[in-house]
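User: Can you walk me through this one? I'd like to go by strands, helices and a couple of single residues.

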There are 2 protein chains.
Amino acid sequence: MTRANLDVLIPWPDLAVRHGSWPDGLGVHVWDAVTPDSEPDQEVLDRIGLWVMPYGVGGAERLLERLPALRAVQSLSAGVESLEPLLPAGVRLCNGRGLHDASTAELALGLILAAQRELPHWAAEQAAGRWAPHRTRSLADSRVAVIGYGSIGSALATRLRACEAEVVPVASRARPDEGVYAVSDLTALLPDIDVAVLVLPENAATVGLFGAKQLAALPDDALVVNVGRGRTLDTDALLAEVATGRLRAALDVTDPEPLPAGHPLYTAPGVFITPHVGGGSAAFRPRAERLIVAQVRRWAAGEELLNPFPRG
Amino acid sequence: MTRANLDVLIPWPDLAVRHGSWPDGLGVHVWDAVTPDSEPDQEVLDRIGLWVMPYGVGGAERLLERLPALRAVQSLSAGVESLEPLLPAGVRLCNGRGLHDASTAELALGLILAAQRELPHWAAEQAAGRWAPHRTRSLADSRVAVIGYGSIGSALATRLRACEAEVVPVASRARPDEGVYAVSDLTALLPDIDVAVLVLPENAATVGLFGAKQLAALPDDALVVNVGRGRTLDTDALLAEVATGRLRAALDVTDPEPLPAGHPLYTAPGVFITPHVGGGSAAFRPRAERLIVAQVRRWAAGEELLNPFPRG
């Protein structure tokens, strides 16, 4: 079988309705990984060449064993490090770069505003029926390090600058003409930072990147935010710093994840936790649909796919 | 006594330290309205010509009876409607226009993000030690009406556009070349609005401006935000809409205010309340200090004061 006559498997049925029609002659099948007994028959799976994986559904990877003709996988996640080793050699992998920028950046902004303006405290006050205002910190005038300066980090920087914050971008390598610092400069930069936001993927260079040394370099009362991957931040070192009240944190990703019931992070002082919902908002779907439609057209036309992720 | 030899009363002692020195020969006194027994002696009060009132301190107005030489009052609030009638005839009034833009706009943004991304829900989940993510609404792609398009509304619009929201500005009069609609267009605009933000001062034209008719014109699941003045939004009409789950709300100001214990708004479904803390953040102080220093210099030089508020 050549790529030309291999079918496509997508997670949502109504894409073509909203975005025009599918290319002539292309077989397009649907599996959402959620509806019970919805897996296509093996005779359909035998013909799938491009699989757009369901997003945010644990265990969807099980289908890989039943896709003998698979040539390419489109993940809707920005981070595909844990998926990559599961794919057979020769299968191309495309990631969801860009799909989560707006959603994740706005959650990061929401976490920062929640922490600086004490929104969880006011929610508790409301639940207690109390009206007792006090002054809070602000985001305006804060110096915010955005550590991991890819497309999500850059989308966050745009939002932060609109809020009159000063952005200090940090990437793996310095890009002096864009004002981007290198991660090797981090401990020198941190003493002047009010808010440190981690937007890092998980790989050998980033696991544990923000540990006791980096936390110690932050000034008193600084806020640590993580919307990237949980393992890039040392949980035990963070717990030690927040236990004394010296630092605060707002985390959408954690290590371990999911955070088990009874884990000390849930009750640590000055820590606000959301359960990895950065990418999981209404902003994701229209952007994901536009990418899927573009990829299916490229697939049918025999063109290069967008967002290729290098395989080892 | 002429203005030239009248003294100034300010709420914070260390302004001159941070911003240079006071003009030569000018008497500058301090009263914070909070420290017990800190009121200046009557012989000092007899010489006060310009009073910069303490901010956010109830009852400071009591000093007005003891300021016989008063010529001008600088309020640090943006809204001075309730202060104005208390001032003797002939006393000039200057307001805090601009001081609260960054602080109030960022709280409004925080309230919108909290509502769209369900931050109060995640705070409650954290308190229960639960990790149970689900998809949420987003701010990106939303159509947000900013009703009351002065300096705070404009600062909010900048932040919303950076979040990939579409802004529909509404002011008392249309300004077609700036894309600003008139408040008379409101009910025609509202059916296409996802988030309606009230940033209105309180006056005869705005009290009750957003009532049952305007709320009914909003589509299902729309969010109503108020960071202006509580009485511009009809509390009973809002309670009726949120009780059915048709609309949601996030309120930094309420009617009545402060909201008394046991008021149904505290427990209304889909309503998030903060206790009038829009202007009360760290962003306020440096901006207020810059205004006070500028006004004191103008006072000493006999120049026109900034931010005059018209008196009837």
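Analyst: Let's begin with a term: two strands pair if DSSP finds at least two bridges between them. Keep in mind that this is a predicted model.

User: OK, which residue stands opposite Val73(B)?

Analyst: Leu93(B), in β5(B). Strand β4 (residues 72-74) of chain B is joined to β5(B) by three bridges, and the two run parallel.

User: What order do the strands of that sheet take in chain B?

Analyst: β2-β1-β3-β4-β5, five strands in an open sheet with parallel pairing. β2 (28-30) and β5 (92-94) of chain B have a single partner strand each, so they stand at the edges, with one side of each lacking a neighbour in the sheet.

User: How much are neighbouring strands turned against each other?

Analyst: By 20° on average, ignoring direction.

User: Switching to chain A. Which strand does β6(A) pair with, and in what sense?

Analyst: With strand β7 (residues 166-171) of chain A, in the parallel sense, over five bridges. Val144(A) stands opposite Val167(A) of β7(A). Strand β6 (residues 143-147) of chain A is mostly covered, with four of its five residues buried.

User: Now the helices. At what angle do α3(A) and α3(B) cross?

Analyst: Roughly 120°, and the axes come within 9 Å. Both helices span residues 101-116 of their chains. Angles of 65 to 115 degrees would count as roughly perpendicular and those over 145 as roughly antiparallel, so α3(A) is oblique to α3(B).

User: Left-handed or right-handed?

Analyst: The crossing of α3(A) past α3(B) is left-handed.

User: Which residues make the contact?

Analyst: On α3(A), Glu106(A), Leu109(A), Gly110(A) and Leu113(A). On α3(B), Glu106(B), Leu109(B), Gly110(B) and Leu113(B). By class, the contact has four nonpolar, two polar and two charged residues.

User: Single residues next. Ala250(A): buried or exposed?

Analyst: Buried, because its relative accessibility is 0% and the cut-off is under 20%. Ala250(A) lies in strand β11 (residues 248-251) of chain A.

User: What does Ala250(A) touch?

Analyst: Leaving out residues up to four places away in sequence, Ala250(A) touches Leu111(A), Leu223(A), Val224(A), Val225(A), Asn226(A) and Phe272(A).

User: And where is Ser142(B)?

Analyst: In the loop between α4 (119-127) and β6 (143-147) of chain B. Ser142(B) is buried, with a relative accessible area of 6%.

User: Which residues does Ser142(B) touch?

Analyst: Gln116(B), Ala165(B), Glu166(B) and Asp194(B), again not counting residues up to four places away in sequence.

Notes: Residues numbered from 1 in each chain as written. Chains lettered and ligands numbered in written order. Predicted model: local features only at pLDDT ≥ 70, side-chain atom pairs only at ≥ 80, totals over all residues. Heavy atoms only, no water. Axes fitted to C-alpha atoms, helices over the stretch in contact; angles between N-to-C directions. Parallel < 35°, antiparallel > 145°, perpendicular 65-115°, else oblique. Left-handed = near helix turned anticlockwise from the far one by under 90°. Contact = heavy atoms within 4.5 Å. Nonpolar A, V, L, I, M, F, W, Y, C, P; charged D, E, K, R; others polar. Buried < 20%, exposed > 50% of the residue type's maximum accessible area, 1.4 Å probe, protein only.
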